[in-house]
Amino acid sequence: MTEVWGSPQSDTGEARHTPGTPCWTSLLAHDLESIKDFYSGLFGWAYYSPGPRQLGPYVRATLDGRDVAGLGELTPGRRLPTVWTTYLASDDADEAAEWIRCCGGTVGVGPLAAEDAGRLVIASDPAGAPFGVWQGQRMPGAQLSGVPGTPVWHELVTRRTATVVKFYQALFGYQTKRAETPDTDHLTLHLDGRPVAGMRGVGAELPRERGPHWMTYFEVADAEAAAARVTGLGGRVLLPPRQGPGGDETTVADPEGAVFTLRRSAR
């Protein structure tokens, strides 16, 4: 099904995403061609090229001709880790960058124009978790959700939610709902009464090599079969299939080490 968040229209006539909603997810890899093969084998993605090239070669991943995610290539010689980045929608990327600085975050890239697609910011919150801000113009964001191969959920994994929740609330005005499970540091972020993302504090269990980060969840038809497909394509299973709060889940890494979670959502 097609996602439609909010009423303002983009330059293409598509509804824009409500500010604060995860609207896009993007991966910068060292070997773009190889990583394209991995994800097309896993999710059946096709690719549209060229995409915005301010940060290097970039393609949009599509299903049935609709944009679902982005893949780019890191500058040769830059040994940065390969990670999925969650982008939060904004009506004004420049204003969001100022708010990020004022609220204790760090702006690493931008604000800059991605050709006529939109304006972007890449930043990190006060605990160090990287995220993006996207002001959509010709490209409001993902055009498809709820089917296998599409991002279905985004969750911030950090040490303590209390250290960063006010930062995100100041940026986007989220309402929060705490998990009912005792001794669980887990919040759901809401906009206009609708859940849009999660926030989970894991304390000392936070992976030292990753630090605080946003986790992208991709919908699959069968979590166990998808995990087997990951290993067959050269990736790794980090957490075997299990029952999570949103459905059957398995956490995996692609051949370059980018971590993400596969979910068969509970119906």
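Contact here means heavy atoms within 4.5 Å, and the views below are taken from a predicted model.

**View 1. The contact between helices α1 and α4.** In this close-up, Phe 38, Gly 41 and Leu 42 of α1 meet Ala 226, Arg 229 and Val 230 of α4. The residues of this contact divide into four nonpolar, one polar and one charged.

**View 2. The crossing of helices α1 and α4.** Two packed helices are described by the angle between their axes and the distance between the axes. The axes of α1 (residues 32-43) and α4 (residues 223-232) come within 10 Å and cross at roughly 155°; because angles over 145 degrees count as roughly antiparallel, α1 and α4 are roughly antiparallel to each other. The crossing of these two helices is right-handed.

**View 3. Aromatic pairs around Tyr 168.** The structure holds 17 aromatic pairs, including that of Phe 167 and Tyr 168, whose ring centres are 5.0 Å apart and whose planes stand at 85°, so the pair is edge-to-face. Phe 167 is buried, with a relative accessible area of 5%, and Tyr 168 also counts as buried, at 0% relative accessibility. Tyr 168 forms an edge-to-face pair with Trp 214 as well, at 5.8 Å centre to centre and with 75° between the planes. This pair links distant parts of the chain, since Tyr 168 lies in helix α3 (residues 165-172) and Trp 214 in strand β13 (residues 213-219), 46 residues apart. Trp 214 is buried, with a relative accessible area of 3%.

**View 4. An aromatic cluster that includes Phe 38.** Phe 38, which takes part in the contact of α1 with α4, belongs to one aromatic cluster together with Tyr 39, Phe 43, Trp 45, Trp 84, Phe 218 and Phe 260.

Definitions and conventions
Residues are numbered from 1 along each chain as its sequence is written. This is a predicted model: local features need pLDDT of at least 70, side-chain atom pairs count only at pLDDT 80 or more; totals for chains, interfaces and linings use all residues. Side-chain values use heavy atoms; hydrogens and water are left out. Rings of Phe, Tyr and Trp (its six-membered ring) pair if their centres lie within 6.5 Å; planes under 30 degrees apart count as stacked, over 60 as edge-to-face and the rest as tilted. Buried means under 20% relative accessible area, exposed over 50%, partly exposed in between (1.4 Å probe, protein chains only). Helices (H or I, at least four residues) and strands (E, at least two) are DSSP runs, numbered from the N terminus. Axes are lines fitted to C-alpha atoms, for helices over the stretch in contact, and angles run from 0 to 180 degrees between N-to-C directions. Angles under 35 degrees count as roughly parallel, over 145 as roughly antiparallel, 65 to 115 as roughly perpendicular and the rest as oblique. A crossing is left-handed if the near helix is turned anticlockwise from the far one by less than a right angle, and right-handed if clockwise. Ala, Val, Leu, Ile, Met, Phe, Trp, Tyr, Cys and Pro count as nonpolar, Asp, Glu, Lys and Arg as charged, and the others, Gly among them, as polar.
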